[in-house]
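Please read them with the model open.

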Amino acid sequence: MDEEKYQNLKLGEKGAYISIIAYICLSILKLLVGYISDSEALKADGLNNTTDIIASIAVLIGLKLSRKPPDRNHRYGHWKSETIASMMASFIMMAVGIQVLISTTTSFMQGGKESPDILAGYVGIFSFFIMYFVYRYNKKLAQKINSQAVMAAAKDNISDAWVSIGTAIGIFGAQLNMPWLDTVTAFIVGFLICKTAWDIFIEASHDLSDGFDEEELKRYKQTACMILGVEGIKEIKARNYGNNVVVDMIIVVASTLSLKEAHDISTDVENALKSQYDVYDVHVHVEPNIAGEK
C-alpha cells in the first residue's frame, strides 16, 4: 500500500510541473503586456500568477518530500511536508496580495489614469483558456490518483481562470470612458489573492494542529459498530498526514472472548475502514465489556 501511495505522489508531481510552466509563461506575458499597455488589472493578475508559481513549487517540494520513507527522526514518515509547504506558500501569497492592494489604492487616489490598451483585455481572455485546460488536466489527474493536493491545485487553476476573465472584463470596460474600472478590477484581484492565501493558511493550520472533520468521524464510528463482535466504541480519533488519514480507536468487545477472537475483530474493523474510506492506517485498541458499555 505504501508503494502505491508513493507512486501516486510521483504522478501528482506532473500536475505541479504543468502548473508551474503555465504560470511562468502567463506571468511573464501579463506583466510585460501590463506595463506596455499600462493596465493595473493585468499587472495585478500577473503578480497573482507569480504567487501561483510559488504555491505550485511548494506543492511540488511537498510531494517530493512526502515520498521520503520513514527514517530515524520521522518514524511516521514525511507525509506532512506537503502541508508545511502549503502554509509557507500562503505567507508569500498574502504578502504579494497586500502589495497589490496598496499599489492599486495609491494609483486610484492619484487619479488621472488613461484607459489601458485593449491588447491587455485579449491577453486576459487568452489566459483564461490556458488555465482552463490546465484545470481540466489536474482535475482528471487528481481523480485518478485520489490526491487532495492536486485537486486543490486544480481548484486554484480554475480560480485563476475566472480571475483572468474578470481582468479582461475590467479592461474592456475601461475602454468605455471608465479608466478607473481597470484599477478597481486590480484591487479586486489583490483581494482575491489575499483570500486564497487565507484559505490555504486555514486549511494547512487545521491539518497541522490535528483538526479533523467531525462528520467523517461519525461515519467511521458507524462502520465500526456494524462489525460483528463490536459492542461499542469507547473512543475514536483521526488526523491527517498529508493526504493520508490515520485513525485511532478503542472498541469494546465481550469479556469472554479469547485474545485471538478479539484480535480478529480489531482486524475486521481496520479492513472495513481501509476499504470503505481509503484510510491509510487504523490503530485499534480492544477493551473488554465488563459493565455493559455501549
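1. Aromatic pairs come to 10 in this structure. The model is a predicted one, so every value here is computed from predicted atoms. A pair of aromatic rings is described by the distance of the centres and the angle of the planes. Take Trp198 and Phe201: their rings form a tilted pair, 5.7 Å centre to centre, with 35° between the planes. Both residues lie in helix H6. They are 3 residues apart, about one turn of the helix. Trp198 counts as partly exposed because its relative accessibility is 47%. Phe201, at 25%, also counts as partly exposed.

2. A further tilted pair joins Phe212 and Tyr220. Here the centres are 6.2 Å apart and the planes make an angle of 40°. Are these two residues buried or exposed? Phe212 is buried, because its relative accessible area is 17% and the cut-off for buried is under 20%. Tyr220 is buried too, with a relative accessible area of 2%.

3. Aromatic residues also gather in a cluster. Phe128, Phe129, Tyr132, Phe133, Tyr135 and Trp162 form one aromatic cluster.

4. Tyr220 deserves a point of its own. Tyr220 sits in helix H7. Which residues does Tyr220 touch, leaving aside neighbours within four places in sequence? The contacts are Phe212, Ile236, Ala238, Val245, Val247, Leu273, Tyr277 and Val279. Ile236 is 16 residues from Tyr220 in sequence, and their C-alpha atoms are 8.5 Å apart in space.

5. Tyr220 also belongs to the largest nonpolar core, which has 22 residues. Tyr220, Val247, Met249, Ile251, Val269 and Leu273 touch the most other members. Five elements are named as each supplying at least two residues of this core: helix H7 (214–225), strand E1 (232–241), strand E2 (244–254), helix H8 (259–277) and strand E3 (281–289). In soluble globular proteins, nonpolar side chains tend to be buried together.

6. Met249 is another member to inspect. Neighbours within four places in sequence aside, Met249 is in contact with Ala224, Ile233, Glu235, Ile236, Val269, Leu273, His283, Val284 and His285. There is also a second, separate core, of 13 residues. Val100, Val163, Ala186 and Ile193 are among them.

7. Now the largest pocket. Its volume is about 600 Å³. How many residues line the largest pocket, and which lie nearest its centre? The lining has 26 residues, and Ser86, Ala152, Ala153, Ile200 and Glu203 lie nearest the centre. H1, helix H2 (40–66), helix H3 (81–110), helix H5 (148–174) and helix H6 (180–208) are the elements that give two or more residues to this lining. H5 gives the largest share, 7 residues. By type, the lining of the largest pocket divides into 10 nonpolar, 10 polar and 6 charged residues.

8. Ser27 lies in helix H1 (residues 2–37). Ser27 is buried, because its relative accessible area is 4%. Beyond residues up to four places away in sequence, Ser27 touches Gly46, Asn49, Thr50 and Ile53.

9. Ile118 is a loop residue, placed between H3 and helix H4 (119–145). It is partly exposed, with a relative accessible area of 35%. Not counting residues up to four places away in sequence, Ile118 touches Phe172 and Gln175. The C-alpha atoms of Ile118 and Ala174 are separated by 9.0 Å, although the two residues are 56 residues apart along the chain.

10. Most residues other than glycine have a negative phi. Asp38 is not a glycine, yet has a positive phi of about 60°. Asp38 lies in the loop between H1 and H2. With a relative accessible area of 36%, Asp38 is partly exposed.

11. Where does Asp210 lie? Asp210 is in the loop between H6 and H7. Its phi is near 65°, a positive value in a residue other than glycine. Asp210 is partly exposed, because its relative accessible area of 35% falls between the 20% and 50% cut-offs.

Technical notes
Residues numbered from 1 in each chain as written. Predicted model: local features only at pLDDT ≥ 70, side-chain atom pairs only at ≥ 80, totals over all residues. Heavy atoms only, no water. Helix = DSSP H or I, 4+ residues; strand = E, 2+ residues; numbered from the N terminus. Buried < 20%, exposed > 50% of the residue type's maximum accessible area, 1.4 Å probe, protein only. Contact = heavy atoms within 4.5 Å. Core = buried A, V, L, I, M, F, W, Y, C linked by side-chain atoms within 4.5 Å. 1 Å grid on protein atoms, 1.4 Å probe; cavity = no way out; pocket = protein on both sides within 12 Å on 5 of 7 lines; lining within 4 Å. Points joined across faces, edges and corners; volume = space filled by probe spheres on them. Nonpolar A, V, L, I, M, F, W, Y, C, P; charged D, E, K, R; others polar. Phe/Tyr/Trp six-rings, centres within 6.5 Å; stacked < 30°, edge-to-face > 60°.
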